[in-house]
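Subject: Structure handover

Hello,

The structure you asked for is below. My notes on its nonpolar packing and its aromatic rings follow it.

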Amino acid sequence: MCPEVLHRYRHILGLWQPDIGPYGGLLNVVVDGLFIIGWMYLPPHDPHVGDPMRFKPLFRIHLMERKSATVECMYGHKGPHNGHIQIVKRDEFSTKCNQTDHHRMSGGRQEEFRTWLREEWGRTLEDIFHEHMQELILMKFIYTSQYDNCLTYRRIYLPPSHPDDLIKPGLFKGTYGSHGLEIVMLSFHGSRARGTKITGDPNIPAGQQTVEIDLQRRIQLPDVENLRNFNELSRIVLEVREQVRQEQEAGEGPVPPREPSAKAPDGLPAKDGKESGHGGAEAAEQSASSGQGQPFVLPVGVSSRNEDYPRTCRLCFYGTGLIAGHGFTSPERTPGVFVLFDEDRFGFLWLELKSFSLYSRVQATFQNAAAPSPQAFDEMLRNIQSLTS
């Protein structure tokens, strides 16, 4: 490997988010033998959140013995062709394809769309009976394909972890109704946890905070029979929301970040938060602390893209989820329930939408992705959110 060339491109190793309107993405740039390769990571096919991530190469830099490097675009189905990379600044770079004709297919746009659909969704348009979903899919193809792999990327970091975190932070695949699967970054900030979209959609774009969880407002679910009643769960959650509203109006302000506390044997926080709910709370608390969990079932009338969710959960917390109209119009935070299943799975029940999102941890390992400091990570979150606000 030519050290001069590697030094020249050292700033592009790591994780990046492409600027593709509301859709975003996840790019991992790594050294692989005589190449630096940019791999685009894609969620598994909807709604299989438990399946591994898919990935495909977007570009590669050939590190040759002499002091030069060939940049190749890997987009399309005709093999490597001439490309260009420009390092804009330390945390930003852009790619350009110099031979976009290599991206075209002999069957024209129809063949390109059918191929993209098989790769992106694992099915044909005829298999998708939901008319709104068909419209969203076609819109995404038209929007994203116009870039022809000429993109600008901005660096992102994996969230720093702390021994007191509820679970290990990181990247998760989640179900988002007709939008399919999206990638969300779960991070912890004192008494709150946040889910930030790494990939997004026309309603809630990439970079926005999709869910926020108040780790000091634990919700005790009713027994399974009462849990099937949506109105009962709604009553419990809305009581917590009203309590939050009253505290804010009284000027108490947000709850200060909690100090690191003792943990229960299975790694869950010891009991130190406010609880809401009725019936067997103490028994359920002991069950959660022992790792046995408590029974969980979705209320009747709540839709879920993936019915293969766990039937026991560890803990639940009050949270809010961001919803908006098409084009990120009239965004508002609405109440919901964060459901912790285990170290690698959680869910969020959107009360207003009567919808349930299931999230599964991305198990892939990413190098050169650690934030240099907690402050740098927080600044990165603010930056990617400001791009779509």
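Phe172, Tyr176, Phe317, Phe338, Phe346, Phe348, Trp350 and Tyr359 are linked into a cluster by ring pairs. Here rings of Phe, Tyr and Trp (its six-membered ring) pair if their centres lie within 6.5 Å; planes under 30 degrees apart count as stacked, over 60 as edge-to-face and the rest as tilted. By this rule there are 23 aromatic pairs.

Before the rest, the basis: this is a predicted model, in which local features need pLDDT of at least 70 and side-chain atom pairs count only at pLDDT 80 or more, while totals for chains, interfaces and linings use all residues. Residues are numbered from 1 along each chain as its sequence is written, and side-chain values use heavy atoms, with hydrogens and water left out.

Two of the pairs in detail. Trp16 and Phe93 have ring centres 4.8 Å apart and planes at 85°, so they pair edge-to-face. Trp16 is in strand 1 (residues 14-18) and Phe93 in strand 7 (residues 92-97), 77 residues apart, and the pair links these distant parts of the chain. Helices (H or I, at least four residues) and strands (E, at least two) are DSSP runs, numbered from the N terminus. Trp16 and Phe93 are both buried, that is, under 20% relative accessible area, where exposed is over 50% and partly exposed is in between (1.4 Å probe, protein chains only).

Tyr41 and Phe55 make a tilted pair, at 5.4 Å centre to centre and 35° between the planes. Tyr41 belongs to strand 3 (residues 35-42) and Phe55 to strand 4 (residues 54-63), so this pair ties together parts 14 residues apart in sequence. Tyr41 is buried, at a relative accessible area of 12%, whereas Phe55 is partly exposed, at 49%.

Now the nonpolar cores, each a set of buried Ala, Val, Leu, Ile, Met, Phe, Trp, Tyr and Cys residues joined through side-chain atoms within 4.5 Å. The largest has 26 residues, of which Ile219, Leu221, Phe296, Val337, Val339, Leu349 and Phe356 touch the most other members. Two or more residues each come from helix 5 (230-249), strand 17 (315-325), strand 18 (329-342) and strand 20 (355-361). Helix 5 gives the largest share, six residues.

Leaving aside residues up to four places away in sequence, Val337 touches Ile219, Leu233, Val237, Cys316, Phe317, Gly347, Phe348 and Leu349; contact means heavy atoms within 4.5 Å. Another core, of 20 residues, lies apart from the largest one and includes Leu215, Leu315, Phe317 and Phe346.

Regards
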